[in-house]
Amino acid sequence: MMETQASPKDEVAEAVELELEAVIGFNGHVPTGLKCHPDQEHLVYPLGCTILIQAINTQEQNFLHGHGNNVSCVAISKSGLYIASGQVTFMGFKADIILWDYKKRELMARLSLHKGKIEALAFSPNDMYLVSLGGPDDGSVVVWSIAKREAICGSPAAGLNVGNATTVIFSKCRDEMFVTAGNGTIRVWELDLPNRKIWPTECQTGQMKRIVMSISMANDDSFFYLGTTTGDILKMNPRTKLLADTGPAKDKFSLGVSAICCLKMGGLLVGSGDGLLVFCKSPSYKPIKKIQLQGGITSITLRGEGHQFFVGTEESHIYRVNFTNFKETLITTCHFESVEDIVFPFGTAELFATCAKKDIRVWHTLTNRELLRITVPNMTCHGIDFMRDGKSIISAWDDGRIRAFAPETGRLMYVINNAHRIGVTAIATTSDCKRVISGGGEGEVRVWHIGHQTQKLEEALKEHKSSVSCIRVKKSNEECVTASTDGTCIIWDLVRLRRNQMILANTLFQCVCYHPEEFQIITSGTDRKIAYWEVFDGSVIRELDGSLSGAVNGMDITVEGVHFVTGGNDHLVKVWDYNEGEVTHVGVGHSGNITRIRISPGNQYIVSVSADGAILRWKYPFPS
C-alpha cells in the first residue's frame, strides 16, 4: 500500500495529468487546522493529504500536494513566508513534516524524525526555528533550524508519570522559549543553542489535574492561556511558571475548551466542543458576547488584529465573524462524512447533487456554493437521482425507504415505506418520469410506478443474492442493467419485467455503464478489472486492468461513448479511451477512496467524490 501511494503516476507513464479546477472540502477535525495567512487575503486549511490555499475574496484555490497520508497539523510563520504541515502515517513508519514556500506554493524541505504522527507544530517569532511534537507513539519534541532545514535537538515531551503532550506554542517575542501542554503536563522550554539542548520547566498547578486541549500566548508573553477538557481556562505566567488564575468557576464550557485565541486589546476568544463561541476576559471568564455555531469548534484564526476572524468546526463549516457585531457568516460548507453518490440533473452542468450519511446537498458548480441541504437525521443515504423533468430528487435510504424531495425547496414530496428489507442501496429513474427502479441490500430489484399522487410496486425481481450496487437504464426505458456484489450483473427487460441476460464474474461489481449505442456494457468492481460485455448474449469482449491497487468504485461514460472515466481505492481519477482501452489522463488529488464519479452533461467537467468527504471538480480534458 505504501509504495503505490508514493508514485501514483508510474502506473500510466504516457498519461497526461488532469487539471484540478476546484475542491469542495475541509477537514474540520484537525485542531487549529484553519489558518488565516498574515497577508489577510488567504485561508490555509487541510483536506486529506492536501493543503488548500484559498483566496478569501476571489475564491481562487491553490493546492499543496506532497503528503502521502492525512495532514494532522498546519502552522504558518509570523512573516507568512513559510507553511509547515505534519501528517499521520502507519504504525512504526516515519511521519513527515513538510516545509512549504508560501509565495512559490512549493515544497522546500521534508523533515522526518517523528514516528506515527505529528501532533502539533509552531514557528518561532522571527522564523528561525520550527518546533514539532510527535504523536502518542513518538512522544518527543524536536526543534528544527529553518535556515539549515535540519534538527537542532530533541527531547521527550512529557515526564514519565504524566500523559502525552498534544499542543505546542512559541513565545511571541523570543526565539528561545516555547510551551508544550497536554494530559496533566504543562512545560515551559528554553532553547540553549550553543549546547544544542532544550531545558524544560514543569509548571505548577497545585491540586488541579487538567487535560489541555488548546493553548494561546499573549502578545507580550506576559501570560499564556490553556483550554482544558474540563471546560475551564488556566492562565499561567511563563516567567514564574505559576498559575495566575482559572475560570469560569460555574457554567464551564460544555465538551471542553477546544479552541482559544488571545486578542491584542485584551480578552479571549473561546470555542467549545459543542459549538459555542464566546468572547470573555480574565479573571471571571464570563461570556461578554456569544454565538452558537454548528459542530464543535476546532480553529479560531484572526484576520490581522482580530477585527474579523474565522472559525472552523468539526462539521466542516468555516464561519467569518466580525468582532464588533459578533455575527457569524457561513462562508464554506462541505460534507464531513463519506460522500456516497454524485449526480447531475439532465442536460445541465450548472448544478449537481451529492449525498453523504444523513444529508443530500445541491451545489452550484462554478462557485462551489451549497444551494440546498436536505437532512434526515440518523439515517444514511446510499444513492440519489434526479427525475428527468427536474421536479424531484429521488433518494435511497438505509431504513428501507425511498424519499423524493423538491430540488428547489427540499420539501419532502413522498415516501415509499418498506421499499426494501435491508435498506435501499441503489436507485435509478426512467426518462419518462413514470418509473423508479430501486435495488436493496437483500438483492431484490423493484420497479415502482410513480403517478401524480400514488407510488405503487409493479414488480419485485428476485435474482441477485447480495446487495445491488448500481443501476443504469437504457435510453428507451425498455431495459436496465443492475450490478450486484454477488458477482453478477443482470440485464432486465422492463416491458415484460423479467431477466434478459446474466453476466457472471468472480468479483463484487461496484459500477456499470451502458455504451451510448447500448449494444455493450462496461463493468468494474473489486477485482480491479474493467470488463466490456455484449448485451445480447452476456459474453465478455475484453478485460482491462483498471488499477494497480484497490477496487474501482465509480465509472461514467460520455454521451458520445468515445471516453469514459473511473475512480476507486487507488485515489486516482482516470480517463480512458473506450476503443483503445488506454488511459489518456490521470487526476491526482484525492486522499480518500473515490466512491463515485460523473462526467457533466456537455462534457465540461468531471466531478469525483470520496470517502473523506471531498468533492473534486476536474476540467474535462477533451474539447467538447
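Are Phe 309 and Phe 326 buried or exposed, and how do these two residues relate to the other aromatic rings?

Analyst: The model is predicted. Within it, both Phe 309 and Phe 326 are buried. Their rings form a tilted aromatic pair, with 6.1 Å from centre to centre and 55° between the planes. The angle falls between the cut-offs of 30 degrees for stacked and 60 for edge-to-face, which is why the pair counts as tilted. Phe 309 belongs to strand β28 (residues 308-313), while Phe 326 lies in the loop between β29 (318-322) and β30 (327-332), so that the pair links parts of the chain 17 residues apart. Phe 309 and Phe 326 also belong to one aromatic cluster with Phe 279 and Phe 323.

This pair is one of 14 aromatic pairs in the model. Another joins Tyr 532 and Phe 564 in an edge-to-face arrangement, 6.4 Å centre to centre and with 80° between the planes. Tyr 532 is in strand β49 (residues 529-534) and Phe 564 in strand β52 (residues 563-568), 32 residues apart. Tyr 532 counts as buried because its relative accessibility is 1%; Phe 564 counts as buried because its value is 0%.

Over residues 549-586 the chain is 61% strand and 0% helix, and its end C-alpha atoms are 15 Å apart.

Charged groups also meet aromatic rings. The charged end of Arg 388 sits over the ring of Phe 346, at 3.6 Å from the centre. Arg 105 lies over the face of Tyr 102, 4.6 Å from the ring centre.

Methods. Residues numbered from 1 in each chain as written. Predicted model: local features only at pLDDT ≥ 70, side-chain atom pairs only at ≥ 80, totals over all residues. Heavy atoms only, no water. Helix = DSSP H or I, 4+ residues; strand = E, 2+ residues; numbered from the N terminus. Phe/Tyr/Trp six-rings, centres within 6.5 Å; stacked < 30°, edge-to-face > 60°. Buried < 20%, exposed > 50% of the residue type's maximum accessible area, 1.4 Å probe, protein only. Lys NZ or Arg CZ within 6 Å of the ring centre and 35° of its normal.
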